[in-house]
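Have a look at the sequence and the fold before reading on.

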Amino acid sequence: MAAIFAGLLSPNALPHAVETTGLTHRYGPIVAVDDVRMAVPKGCVYGFLGPNGAGKTTTLRLLLGLIRPRAGTIHLLGESLTATSRAALMRRVGALIEEPSVYRNLTGVENLEATRMLRGVPRSAVGRVLERVGLSASDAGRRVGGYSQGMRQRLGLALALLSEPELLVLDEPANGLDPDGIQTLRDVLARLHQEGETTVLVSSHQLGEVERVATHIGVMRSGRLVRQGPMRDLLQQAQGNTHIRLNDPHAAAAALRQQGIAATVTEDGVLLDATSDAETAAAIRVVVEAGIDVFAVSTEAPSLEAFFFASDADAEPIMEMS
Amino acid sequence: MAAVLTDTIRATRSQALRLRRSGVWLPTIGIPSVAIALAAIVLWSAEPSAVPEADLWAEIIQAAFGLWAVLLLPLLTALVAAQVAALEHGARGWKHLLALPTWKGAHFVAAWVAVAGLTAAATLTLATGIAVVGTLTSALQPLAASSAAPLGRLFGAAGLVYAGSMLLVSGHLWLSIRWPGVGVGLAVAVVGVFSNIALLNLGAGAVTPYGLAPSALMGDRIDLVLISLIGGLAVLIGSVWHLSRRDAPA
């Protein structure tokens with residue numbers, strides 16, 4: 001019985017691969033990361049979104065112990081990240097931060113060897129990760145100075161995967177990748193998620209890619225984490241545009257505008273921006289009362305892009321971590 | 001402690017691999033060649049009747065190692081330290097290395113081992129080069145030194161100068177990691193070298209770190225070598241402490 005309670009109380013029993021409280025970092029007077037409370041469930045693919053300068057990379061650098069927080073705590077894989085625990089924790093973490101750190105004077109294999117030596121993992125790991133990221137033996141035997149940006153990015157991903165990490169932190173991994181490379185990245189992330197052994201925290205500007213692979217998302221704006229939760233739940237809260245197909249789009253738009261409802265004329269109807277059910281009903285009533293025939297009403301599925309742009313920096317943070 | 005040692009050995013092996021095909025070997029071979037060429041000129045232009053052979057070898061060792069200790073070694077140290085550090089600065093490697101599961105200081109110690117090792121290689125190249133040039137010259141030019149090269153004196157001088165450069169090795173490595181690029185390190189080396197020449201001409205002796213190796217060579221001063229070794233170790237420890245604590249460069 002005591003063992004069960006000890007297990008429950010142990011930090012390893014926490015369900016999150018990454019958990020921060022009050023995480024704050026400043027560069028001089030500029031607050032780059034402001035009181036961030038991040039929770040990344042184990043086994044998920046967490047899409048970390050935000051415009052340039054939002055604080056994503058600084059947050060990832062804090063999680064890897066590359067910079068020290070001015071305030072707040074970080075727990076990775078159930079352990080508190082401190083100066084003394086960092087090295088042991090990083091055995092379980094792989095990372096690709098910004099541009100891949102590769103040595104142009106070395107071949108792809110030698111780059112992997114240099115990191116393999118430092119990590120103390122077996123030689124067989126090199127072949128395994130090369131296969132996983134789709135770098136051929138002939139490419140891996142060439143000097144990295146002659147690599148394309150996409151090949152360097154694949155090599156960077158291979159470096160991050162060398163130790164079969166429990167937590168994989170990727171910062172803009174799709175940068176410079178060609179369609180084949182993006183497909184490979186997508187496959188790698190999907191396989192890691194299916195295998196369930198690895199939690200992936202991936203920051204990206206490519207909302208479409210994140211939407212394809214992520215199970216959870218967090219949105220940073222101006223140093224604050226303003227939205228966080230399972231993607232499905234968050235997108236359900238977001239409202240899609242409503243299209244009303246009718247016989248006189250211009251008259252309908254004029255009638256709606258008179259009632260203060262914004263509408264855009266389309267070829268066969270009007271488009272209402274992100275309306276609730278009540279607003280949609282009110283708009284239909286206005287159109288019908290104006291003597292216009294309504295043929296069909298459809299609502300677009302909310303997209304991650306729409307959700308992202310609706311996430312306001314001034315909004316109170318919404319955390320939905322189920 | 002065992003983990004620190006293991007990490008340092010791993011980091012040093014990885015550092016050695018990262019030096020492969022890098023430009024850091026050019027000054028290691030090129031700069032000693034200048035002093036070897038000077039030794040060859042001294043040998044070829046020597047008048048054997050005017051100087052006994054033992055004095056001729058002493059003259060060669062003094063001229064080549066004097067030039068080496070006063071001018072070439074500080075420049076070599078600055079260049080090699082900048083190039084070893086540039087491997088990481090150029091590849092944006094610090095953020096990668098410092099996120100690995102190793103003691104952070106291991107990477108800086110490994111870089112120091114690399115710079116110290118390359119400086120040793122250059123100094124050995126110089127000593128070996130002088131011995132080879134001396135032997136070849138005596139075969140081709142009977143009027144030059146006909147006795148065998150005094151290897152003990154040659155490598156003794158090399159060891160003295162090398163040990164006298166340890167403070168420079170540690171100092172220049174710290175400068176090069178702290179400030180990327182060759183500019184800061186080289187500027188400090190040039191100022192150090194010429195201020196040291198001025199001070200030596202004034203008879204002030206080893207006042208700056210740049211004066212330790214030349215003064216040790218000229219006066220067989222073991223105390224100066226000890227100052228360099230202890231100072232080099234202290235600067236290494238201080239720089240490892242400082243560089244491990246600061247935020248990793250972007």
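## Helix packing in chain B

H5(B) and H7(B) make a right-handed crossing, where right-handed means that the near helix is turned clockwise from the far one by less than a right angle, and left-handed that it is turned anticlockwise. Keep in mind that this is a predicted model: local features need pLDDT of at least 70, side-chain atom pairs count only at pLDDT 80 or more, and totals for chains, interfaces and linings use all residues. Residues are numbered from 1 along each chain as its sequence is written, while chains are lettered from A and ligands numbered from 1 in the order in which they are written.

Helices here are DSSP runs (H or I, at least four residues), as are strands (E, at least two), numbered from the N terminus. The two helix pairs look like this, with axes fitted to C-alpha atoms over the stretch in contact and angles running from 0 to 180 degrees between N-to-C directions:

| Pair | Axes | Angle | Handedness |
|---|---|---|---|
| H5(B) (residues 105-140) and H7(B) | 10 Å apart | about 125° | right-handed |
| H7(B) (residues 166-178) and H10(B) (residues 222-245) | within 7 Å | roughly 20° | left-handed |

H5(B) and H7(B) are therefore oblique to each other, whereas H7(B) and H10(B) come out roughly parallel. Angles under 35 degrees count as roughly parallel, over 145 as roughly antiparallel, 65 to 115 as roughly perpendicular and the rest as oblique.

On the H5(B) side, the contact with H7(B) is made by B:Phe108, B:Ala111, B:Trp112, B:Val115, B:Ala116 and B:Thr119, and these meet B:Val169, B:Ser170, B:Leu173 and B:Ile177 of H7(B). Contact means C-beta atoms, placed from the backbone, within 7 Å. By class, that makes eight nonpolar, two polar and no charged residues. Nonpolar covers Ala, Val, Leu, Ile, Met, Phe, Trp, Tyr, Cys and Pro; charged covers Asp, Glu, Lys and Arg; the others, Gly among them, are polar.

H7(B) also uses B:Val169, B:Ser170, B:Leu173 and B:Ile177 towards H10(B), where the partners include B:Gly231, B:Gly232 and B:Val235. That contact has 10 nonpolar, six polar and no charged residues.

## A buried asparagine

B:Asn196 sits in helix H8 (residues 183-201) of chain B. With 25 other C-beta atoms within 10 Å, B:Asn196 is buried (20 or more such atoms; 12 or fewer is exposed, and in between is partly exposed). Beyond its neighbours within four places in sequence, B:Asn196 is in contact with B:Thr208, B:Tyr210 and B:Gly211. Its C-alpha atom lies 7.7 Å from that of B:Val207, 11 residues apart along the chain.

## Cores and chain A

A nonpolar core is a set of buried Ala, Val, Leu, Ile, Met, Phe, Trp, Tyr and Cys residues joined through C-beta atoms within 7 Å. The largest has 161 residues, and those with the most contacts inside it include A:Leu76, A:Ala158, B:Ala111 and B:Val115. Helix H3 (residues 53-90) of chain B gives the most to this core, 21 residues.

Chain A has 13 helices and 16 strands, and 43% of its 322 residues are buried. Its C-alpha trace spans about 75 × 55 × 45 Å along the principal axes.

At the interface, 23 residues of chain A are in contact with 23 of chain B. H4(A) supplies the largest share of the chain A side, six residues. That side divides into 14 nonpolar, four polar and five charged residues.

How values were computed:
Two residues are in contact if their C-beta atoms, placed from the backbone, lie within 7 Å.
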